[in-house]
Amino acid sequence: MRVCVLMRLRRAKVCSAARRTGEGGEEMKKVVYSAVQPTSQLTLGNYLGAVNNWLKLQQDESKERIFAVADLHSLTIRREAREVRENTLSLLAQFLAFGLDEKRNIIYVQSHVPAHTQLAWILNCYTYVGEMSRMTQFKDKSAKHADNVNMGLMDYPVLMAADILLYDTDLVPVGVDQVQHLEIARDIAIRFNNIYGETFKVPEALLGRAGAKIMSLTDPTAKMSKSDPNPMGRINVLDSEADIVKKFKRAVTDSESVIAYDPEKKPGVSNLLAILAAAKGTIPEQEAGECEGLMYGHLKLRAAEAVSAMLRPVRERYEALIKDEGYLLEVAREGAEKAAAIAEKTLKRAGAAVGLLQG
Ligand code: TYM
């Protein structure tokens, strides 16, 4: 038993040392990993909660950045095959239109790297049904899609854990709604490492200061969501300026008329301030100060203008990119090649740890 523990410790040291430095002994860059499901257009919530932080990280040369279109995750809700394909291409084009540079980041489609589902299977065997059934998103989605509570819906956090752990990820920039999934990824990694020695790096969530939880414009107690049946509740990143203004004008506020940042007592107004701040790169309290003495209508217009200005160039770039399917497929192919080279090493390490015969 003692030997076994010692061996485990020794192996852990070798493993972590190997991953702290590159093959030539140079210091390794920190890895940032994130992904989005290709379910129709991204919302302003996705953009401000996640993508905005990806763009900031793109400037940081001390980090390696990997961003995926999580197409396998999107199969957990029943969709037409044509829709899955179109959404995947559209999300790739949106990534590039946002300004993510395929030369400076690895950008790929999850299903193009088979190691994701292979590692997910291994991790499944170290994850308990009880912990999966307690996940908030599983409970919410099972209630919403009661006619299709499939195994994928329940297993979704394990696939997400595999996504993250395959790349020895340090940081995962996400919105607040994904923090529970990230915690389970950490739990699975720690559980596995405790049994087999340090195999996986334990990742951390990276939340933005502003925009980590953007709420619906029609119900500011619920998050802005791609699947909200009321289209007035969400801004899509490719919405026309007229639609953006119309949706902000109809946003729910409250019966008072004082502009103040207080998410508990004034959720609607605070959400508008959070959106305005995240779009301008400031903080909501500052925007509240600058709106002193103004009416709610002014705040709505300010938010609409800031969001329109932020999304205008994205929409223009998208229009050109989506017409060039050949280019999008090429970006995906090159990205998958680079991603697979990293992922396969981790998959091998995990397979060897549990005793799978190495060919
Ligand atoms: P998804 O596609 O639902 O959302 C993508 C990102 O957008 C963030 N987000 C929000 N942030 C602020 N306010 C909102 N209203 C809002 N709505 C969504 C989410 O937190 C997320 O960061 N399972 C993931 C995709 C995924 C993934 C991964 C993420 C698959 N594998 C590995 C990170 C790492 C998902 O469905 O996100």
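Around the ligand sit 27 residues, and Gln 37, Tyr 156, Asp 163, Asp 177 and Ile 214 come nearest. The model is predicted: local features need pLDDT of at least 70, side-chain atom pairs count only at pLDDT 80 or more, and totals for chains, interfaces and linings use all residues. Residues are numbered from 1 along each chain as its sequence is written, and side-chain values use heavy atoms, with hydrogens and water left out.

Start with the nitrogen atoms of the ligand. Asp 163 places a polar side-chain atom 2.6 Å from a ligand nitrogen. Ile 214 uses its backbone instead: an N or O atom there lies 2.7 Å from a nitrogen of the ligand. Met 224 also has a polar backbone atom, 3.0 Å from a ligand nitrogen. These are polar contacts, meaning pairs of N or O atoms within 3.5 Å.

How much of the ligand does the protein bury? Alone, the ligand exposes 710 Å², and the protein buries 97% of that. Such areas come from the Shrake-Rupley method with a 1.4 Å probe.

Now look at the shell itself. Strand β1 (30-36), helix α2 and helix α8 (151-165) each give two or more residues to it. Helices here are DSSP runs of H or I with at least four residues, strands are E runs of at least two, and both are numbered from the N terminus. By type, the shell divides into 13 nonpolar, 9 polar and 5 charged residues. Nonpolar covers Ala, Val, Leu, Ile, Met, Phe, Trp, Tyr, Cys and Pro; charged covers Asp, Glu, Lys and Arg; the others, Gly among them, are polar.

Next come the aromatic rings. Rings of Phe, Tyr and Trp (its six-membered ring) pair if their centres lie within 6.5 Å; planes under 30 degrees apart are stacked, over 60 edge-to-face, and the rest tilted. The count is 9 aromatic pairs. One is Tyr 47 with Phe 98, edge-to-face, with 5.0 Å between centres and 70 degrees between planes. This pair links distant parts of the chain: Tyr 47 is in helix α2 (residues 44-57), Phe 98 in helix α4 (residues 81-98), 51 residues apart.

Buried means under 20%, exposed over 50%, and partly exposed in between (1.4 Å probe, protein chains only).

Phe 192 and Phe 200 make another pair. Their centres are 4.9 Å apart and their planes at 55 degrees, so the pair is tilted. Phe 192 is buried at 0%, and Phe 200 is buried at 1%.

How values were computed: Near = heavy atom within 4 Å. Polar contact = N/O pair within 3.5 Å; in protein donor to acceptor, adjacent residues only side chain to side chain.
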